Amino acid sequence: VADALLADARARGSVVGFVNGIGTRALVSLRLGALADAEADARAAVALTREHGIFLVEPFVVAYLASVLLERGELAEAEALVDEVTVPDAFRSLPCWPTLLEARARVQLARGARARAIGIWTEVGETWDLSQVCNPNVTSWRSELALLLAEHDPAGARSLVERDLALARRAGSCRAVGIALRAKGLLAGGEAGLEDLAAAASALERSPAVLEHARALTDLGAALRRSNRRAEARGPLGRARELAYGCGALVLTERAEAELRAAGARPRRFALSGADALTASEQRVVRLAASGLSNREIAQQLFVTVNTVESHLRHGYLKLGVHSRAELPTALSEQLAEPG
């Protein structure tokens with residue numbers, strides 16, 4: 001759908017249509033855990049909304065970009081982004097406002113400002129409720145707020161999660177069910193918590209939400225390790241580390257690795273260079289460049305900006321150890337050859 005929006009926008013020369021298309025695709029990539037793709041589209045969308053004054057779209061794409069940056073551990077940039085966006089009071093009943101607030105709440109939690117994060121999440125919930133938006137696959141505010149309330153209001157936290165889980169099951173979304181079950185398991189602790197965390201990982205494995213799956217596996221493995229079941233913990237933790245690294249989620253990768261080492265494992269190092277280090281986006285751009293397409297032609301084919309293409313090519317050159325397009329065909333034939 002996002003690609004169809006982009007094709008239509010290009011055909012009509014519509015900047016608003018293009019921004020909506022790449023903004024939608026940024027959200028899709030974020031939900032899939034394709035953080036490099038999400039960042040590229042969100043950065044382009046943020047730049048265009050500001051250049052053309054598309055202020056009702058800006059809070060959405062800024063929130064998406066900030067979410068990516070938080071997964072990478074780039075807290076300062078994420079905080080600066082969400083703090084500089086303003087939404088007039090007259091538009092704070094629209095979805096752009098709670099979407100931006102969710103990103104602000106996550107930034108505050110990453111900063112360690114727990115009380116401030118609780119206050120923002122509470123406003124998020126009130127705003128979505130006033131808008132009559134209750135689908136937890138649109139917003140998981142109940143589960144996120146519940147985890148922050150666990151210490152001082154355990155009954156209220158459990159109530160929020162049970163509501164989220166019931167709504168998720170009604171919606172029939174494996175992603176939403178998995179997120180709610182993960183929160184329920186973290187609140188419960190003990191054997192009951194382990195069962196819920198395992199169920200969360202199972203539900204998320206059936207969804208395309210790879211990053212959320214990695215998050216649930218990390219929590220499951222950590223809970224198993226704390227229960228002195230270290231050997232059993234290594235499986236989910238190893239899988240979580242692989243998935244998180246593949247998404248480009250550096251914060252979660254480091255957490256899963258720390259838990260894995262605490263469980264007695266010695267995880268292998270990930271490739272930092274060569275073909276194995278290329279992200280999906282980098283590999284796609286590099287292949288098209290090797291085929292003879294110009295940066296502008298690649299941008300048009302992939303519906304991205306020329307700046308995005310140039311960024312992926314720079315990273316691709318570094319990882320493949322080449323300095324020009326002319327070297328790409330040889331590097332790819334050597335490093336990306338088909339098995340057998």
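## Helices α10 and α11

In this predicted model, helices α10 and α11 are roughly antiparallel to each other (an angle over 145 degrees). Helix α10 covers residues 174–188 and helix α11 residues 190–205; their axes cross at roughly 165 degrees and come within 7 Å. Axes here are lines fitted to C-alpha atoms, for helices over the stretch in contact, and angles run from 0 to 180 degrees between N-to-C directions. Helices are DSSP runs (H or I, at least four residues), numbered from the N terminus. The crossing of α10 over α11 is left-handed, a term for a near helix turned anticlockwise from the far one by less than a right angle.

Residues of α10 that meet α11 include C174, V177, I179, L181 and L186. On the α11 side, the partners include A192, L197, A199, A203 and L204. Contact means heavy atoms within 4.5 Å. By class, the contact between α10 and α11 has twelve nonpolar, four polar and four charged residues. Nonpolar covers Ala, Val, Leu, Ile, Met, Phe, Trp, Tyr, Cys and Pro; charged covers Asp, Glu, Lys and Arg; the others, Gly among them, are polar.

E282 is in helix α15 (residues 280–290). With a relative accessible area of 5%, E282 is buried, the term for values under 20% (1.4 Å probe, protein chains only). Its side chain makes a polar contact with the side chain of K319 at 2.8 Å. Such a contact is a pair of N or O atoms within 3.5 Å; within protein, one must be able to donate a hydrogen and the other to accept it, and residues adjacent in sequence count only if both atoms are side-chain atoms. Leaving aside neighbours within four places in sequence, E282 is in contact with A277, H312, H315 and K319.

H312 belongs to helix α17 (residues 306–320) and is also buried, at 8% relative accessibility. Not counting residues up to four places away in sequence, H312 touches A40, S281, E282 and V285.

## Positive phi in two loops

Q132, which is not a glycine, has a positive phi of about 60 degrees. It lies in the loop between α7 (114–130) and α8 (141–149). At 71% relative accessibility, Q132 is exposed, meaning over 50%.

N228 has a phi near 65 degrees, again positive in a residue other than glycine. The loop between α12 (210–226) and α13 (230–247) holds N228, and this residue is exposed at 65% relative accessibility.

## Basis of the values

Residues are numbered from 1 along each chain as its sequence is written, and side-chain values use heavy atoms, with hydrogens and water left out. As the model is predicted, local features need pLDDT of at least 70 and side-chain atom pairs count only at pLDDT 80 or more, while totals for chains, interfaces and linings use all residues.

How values were computed: Angles under 35 degrees count as roughly parallel, over 145 as roughly antiparallel, 65 to 115 as roughly perpendicular and the rest as oblique.
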